[in-house]
Amino acid sequence: MTREIIPQVVHLELHTSDREASTRFYSGLLQWQTEEINTLWGNYHALRLGFGLDGGIVQCRTPLAGWLPYVAVDQIEATTELARRLGAQVLLAPREGPAGWRAVLSTPAGGEIALWQAKPQSVKVA
Amino acid sequence: MFGPTYDQACPTNSSIADAINGLLPHLQARDITLMLVSGAPVEKLTAYRKRMGWDLNWASSYRTDFDLELGFSSTTEQTRAWVQSPQSATLPPVAHRNAAASGTDLVGYLTEGYGFNAFALEDGTVYRTYSTAGRGVEFLMTYYGVLDRAPQGRDEGEGFQVWIQRRDEYATGQ
């Protein structure tokens, strides 16, 4: 597969069992700004990282906190299938949300990476 | 349950109010009361309460920061930011269904979160003595306790709660 543009990391997500402590650490060390968002289905600290990269701190029951990078792709189904052929395990098959589709892969060399296919801007999110 | 932009209360939260409405006299016998608080204007709440036949008092937090202070809700701008993030792909089907059933859009629906609090008044000071949200409110959904003891259990899978309708909207007409 050839590409004219290398897919970019567009979003970084920290999954942690202690959202408050994580936010304190990163704002203390790197002055990262967070905004607490409490919605009906998710408690989230939005991260403003700048340079077209955003992120969030997600509170969950993971025993081991970890960062998950999201890479923007044009065709998430095809990229997920390619990942599978290259030996990745598909932890979450592409799933549609209001703003786009996401998939989560466990790579053969270890570590996880997420794919993100945003819906066109003209699609009304709300 | 019934956010500022809703036309009607959410079906799931309405089923919870059905489930707890009958508790009121028993709790009052122990000097405890139980009430609802939602963000819609009080006129909408009062009309809906009459339709559902509830005895519970229902206060409106319309144009106050009560829900925000409790940490259950977010502003429209904050909620939109979350909806535009990859995390919103975790939304279950019932969120979309309930937004439509409440007569609002997804962002409007999600701005009003839910939770359960206990407050105590002592010497003129109000203390928040207990708080839970998310799965923590399931103890109020008493029908699940019964379903869990039925032969098939709650048997919902990915489509959890989408079977829940308002009590007067089931096709069989309860």
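Predicted model: local features only at pLDDT ≥ 70, side-chain atom pairs only at ≥ 80, totals over all residues.
## The sheet and helices of chain A

In general, the strands of a sheet pair through backbone hydrogen bonds, and they do so in either a parallel or an antiparallel way. Strand 7 (residues 100-106) and strand 8 (residues 112-118) of chain A pair in the antiparallel sense over seven bridges, and R102(A) has W116(A), in strand 8 of chain A, as its bridge partner.

## Where the two chains meet

Contacts between the chains involve 25 residues of chain A and 25 residues of chain B. On the side of chain A that touches chain B, two or more residues come from each of strand 2, strand 3, strand 4, strand 6, strand 7 and strand 8 of chain A. Sorted by class, that side of chain A has 14 nonpolar, seven polar and four charged residues.

## The nonpolar cores

The largest nonpolar core has 18 residues, and those with the most contacts inside it are W82(B), V83(B), A95(B), L106(B) and L110(B). At least two residues of this core are supplied by each of strand 3 and strand 4 of chain A, and by each of helix 5 (76-83), helix 6 and helix 7 of chain B. Helix 7 of chain B gives the most to this core, with four residues.

Leaving out residues up to four places away in sequence, W82(B) touches I37(A), T39(A), G42(A) and Y44(A) in chain A, as well as Q87(B) and S88(B) in chain B. A second, separate core has 12 residues, among them F2(B), I16(B), A40(B) and L45(B).

In helix 6 (residues 93-101) of chain B, the buried residues are V94(B), A95(B), N98(B), A99(B) and A101(B). Seen down the axis of helix 6 of chain B, these buried residues fall within an arc of 165°, so they line one face of the helix. As a general rule, an α-helix has 3.6 residues a turn, so residues three or four places apart point the same way.

The buried residues of helix 6 of chain B pack against helix 1 (11-21) and helix 7 (106-111) of chain B, whereas the face turned away from the buried side carries the exposed residues P93(B) and A100(B). Just after helix 6 of chain B, G103(B) takes a positive phi of about 75°.

N13(B) is placed in helix 1 of chain B, and it is buried because 21 other C-beta atoms lie within 10 Å, where the cut-off for a buried residue is 20 or more. When its neighbours within four places in sequence are left aside, N13(B) is in contact with M1(B) and Y114(B). The C-alpha atoms of N13(B) and L34(B), which are 21 residues apart along the chain, are separated by 15 Å.

Technical notes:
Residues numbered from 1 in each chain as written. Chains lettered and ligands numbered in written order. Arc of directions from axis to C-beta. Contact = placed C-beta atoms within 7 Å. Pairing = 2+ DSSP bridges. Nonpolar A, V, L, I, M, F, W, Y, C, P; charged D, E, K, R; others polar. Core = buried A, V, L, I, M, F, W, Y, C linked by C-beta atoms within 7 Å.
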